[in-house]
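Please read these notes beside the model.

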Amino acid sequence: MLCTRLTNARFLTMDPGRPVARDLGIWRGRIVGLDEAVTSLPAREVIDLQGATVLPGFIDAHVHLAWTGFKENTPSIAGRTRIDDVLAVVEEAVTRKGAPGAWVSIAGYDQRALGRHLTAAELDKVSHGHKVFVMHDSGHGCVVNSAVLDLLPADTPHDNGFLAEGAMGAARALRLPHSQEDLAEAIGRAARTCLAEGVTACAEAGIGGTLLGHSPVELGAYQLAREKGLLPLRVQLMVSADRLHPVAAHEADGIPRALDLGLRTGFGDDRLSLGALKIFTDGGMMARTAALSSPYEGLDGTGQLQDDPHVLADTIVDGHLAGWQLAVHAIGDRAADIALDALERAQRLRPRPAARHRIEHAGLIRPDQLPRFARLGISAVVQPNFLRYFGDDYAAIMGEERAPWLYRGRAFLDHGITLVGSSDRPVTDGSPLRAVQFMVERAAESGQVIGPAEGVTVDEALHAYTVAGAFACHWEDSLGSLSPGKLADLVVLGDDPRRVDTSRIGDIEVVATYVDGRATEKTTP
């Protein structure tokens, strides 16, 4: 007897052997068959989906759950365009904090909306003895007041209180880690938001590290969230590379640096597991710290690397030698050069064709870099919604020649490179459907079309958020398509993305989300 049979739906299975079905049978959380294989079988529960469209649950291959959850409960200056209005929000948050000396966090900072960066001196006027930390939306910078600057080493680089990359990490390190209880609650909030948008599995892009980590025992917070029933979707955890340390392993193992006990990619189960080793090579375009091979349009700077190129390359090689899948953050083309060179060296030293190394973001990839991606078997994990919401700015700072290379789609596919969809939530909107729409249209919110030749089909965009996401996370045996034997994770939609006008894809209703064959609690996105 089936546990559940879902009927009267249009199942877009993403399985080329059986692309469309009408009925789907579930037993103990797995798909056991489609159509004639299950239609006549008895079931404890038969659910009529009334003609809805059903897809495999979306996979967000690059997200920050804890950061998302904390940001939802943090005072925000998003949308403010006047310095005085921003300072008023900061002062209100400071006033609510109570005793002087406490830390006050502010979210939603983007200097582009203000025309310039805030300064420490401006924050000092409204700090009233508190330590103020204003997080940049990109996650690659912050503005702090003098009370924070005074605690940092004198040689910490900053621009009137704006701290970028490693300098921001130094400021974050001044604060006590979040408790596992607080982390678990934040993770749960973000997970519910993901489910409401049809995401049933995701890869958390960097725990425990200086730049975006929240605790040296952050993995334990995810275990706690699971134990408390706060983790209703599947999560794969990327570990920040600065957690690696030298180990005295046997010389035959060839492992120069590792996590304790040799933990690496693959440890865990289908609900919570270790994924890739996250390695940051550069910053972000919003903060103008993505490392480019030539200057930003209208600016002198070319961004910045997170460390000396040789140090970055050695970390990539060491991670490969220790058996990790690697997720290398490289937004600018100069950073991508470093990543490609290091990955090529790593594979030469110890060939691992099935490692499935990934480049996260791949925001600006030159034509000459595409064949190297393909030759090395690297997946490109992109964030289409970056250009949907920031495309006008990004196109302007890249200039006419480079703008068509931004967050590519078609070129990756034409070179045989696995194109993987993701959000980088909470940096921008996490909706897979809105991202799918952009991947086809390549249109920013203003209507400007950016790199139209990089547009893909609706089927290819859906593939990036299902089959390709599963492949990038080594989940292809259990997720990514609605095939017999796979886990019954699926999303029920109010319309068929392949049949509506492209401009409507992002507005399709997520009617229900199923994990392990059970409908999750409906939450408004």
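1. Burial. Buried means under 20% relative accessible area, exposed means over 50%, and partly exposed lies in between, with a 1.4 Å probe and protein chains only. Phe-386 has 3% relative accessibility, so Phe-386 counts as buried. Tyr-407, at 3%, is therefore buried as well.

2. Basis. This is a predicted model, where local features need pLDDT of at least 70, side-chain atom pairs count only at pLDDT 80 or more, and totals for chains, interfaces and linings use all residues. Residues are numbered from 1 along each chain as its sequence is written, and side-chain values use heavy atoms, with hydrogens and water left out.

3. Aromatic pairs. Rings of Phe, Tyr and Trp (its six-membered ring) pair if their centres lie within 6.5 Å; planes under 30 degrees apart are stacked, over 60 edge-to-face, and the rest tilted. The count is 4 aromatic pairs. In one of them, the ring centres of Phe-373 and Phe-412 are 5.6 Å apart and the planes stand at 50°, so this pair is tilted. Phe-373 belongs to helix α11 (residues 370–376) and Phe-412 to helix α13 (residues 410–414), so the pair ties together parts 39 residues apart in sequence. Helices (H or I, at least four residues) and strands (E, at least two) are DSSP runs, numbered from the N terminus. Phe-373 and Phe-412 are both buried.

4. A second pair. How do the rings of Phe-386 and Tyr-407 meet? Their centres lie 5.6 Å apart with planes at 70°, so the pair is edge-to-face. Phe-386 sits in helix α12 (residues 384–402), and Tyr-407 in the loop between α12 and α13. The pair links distant parts of the chain, 21 residues apart.

5. Charges over rings. The rule asks for NZ of Lys or CZ of Arg within 6 Å of the ring centre and within 35 degrees of the ring normal. Arg-112 lies over the face of Phe-390, 5.0 Å from the ring centre. Arg-175 places its charged end over the ring of Phe-133, at 5.8 Å from the centre.

6. Largest pocket. On a 1 Å grid over the protein atoms alone, a pocket is an open set of points with protein on both sides within 12 Å along at least five of seven lines; in a cavity, a 1.4 Å probe fits but cannot get out; lining residues have an atom within 4 Å of a point. Points are joined across faces, edges and corners, and a volume is the space filled by probe spheres set on them. The largest pocket has about 970 Å³. Its lining has 38 residues, and Ser-105, Arg-172, Arg-175, His-178 and His-214 lie nearest the centre. Strand β9 gives the most, with 6 residues. The lining divides into 16 nonpolar, 14 polar and 8 charged residues. Here Ala, Val, Leu, Ile, Met, Phe, Trp, Tyr, Cys and Pro are nonpolar, Asp, Glu, Lys and Arg charged, and the others, Gly among them, polar.

7. Second largest pocket. Its volume is about 380 Å³. Of its 20 lining residues, Ala-241, Asp-242, Phe-280, Gln-306 and Leu-312 lie nearest the centre.

8. Cavities. There are 4 cavities of 30 Å³ or more. The largest cavity holds about 130 Å³. It is lined by 18 residues, with Ser-138, His-140, His-361, Asp-424 and Val-427 closest to its centre.
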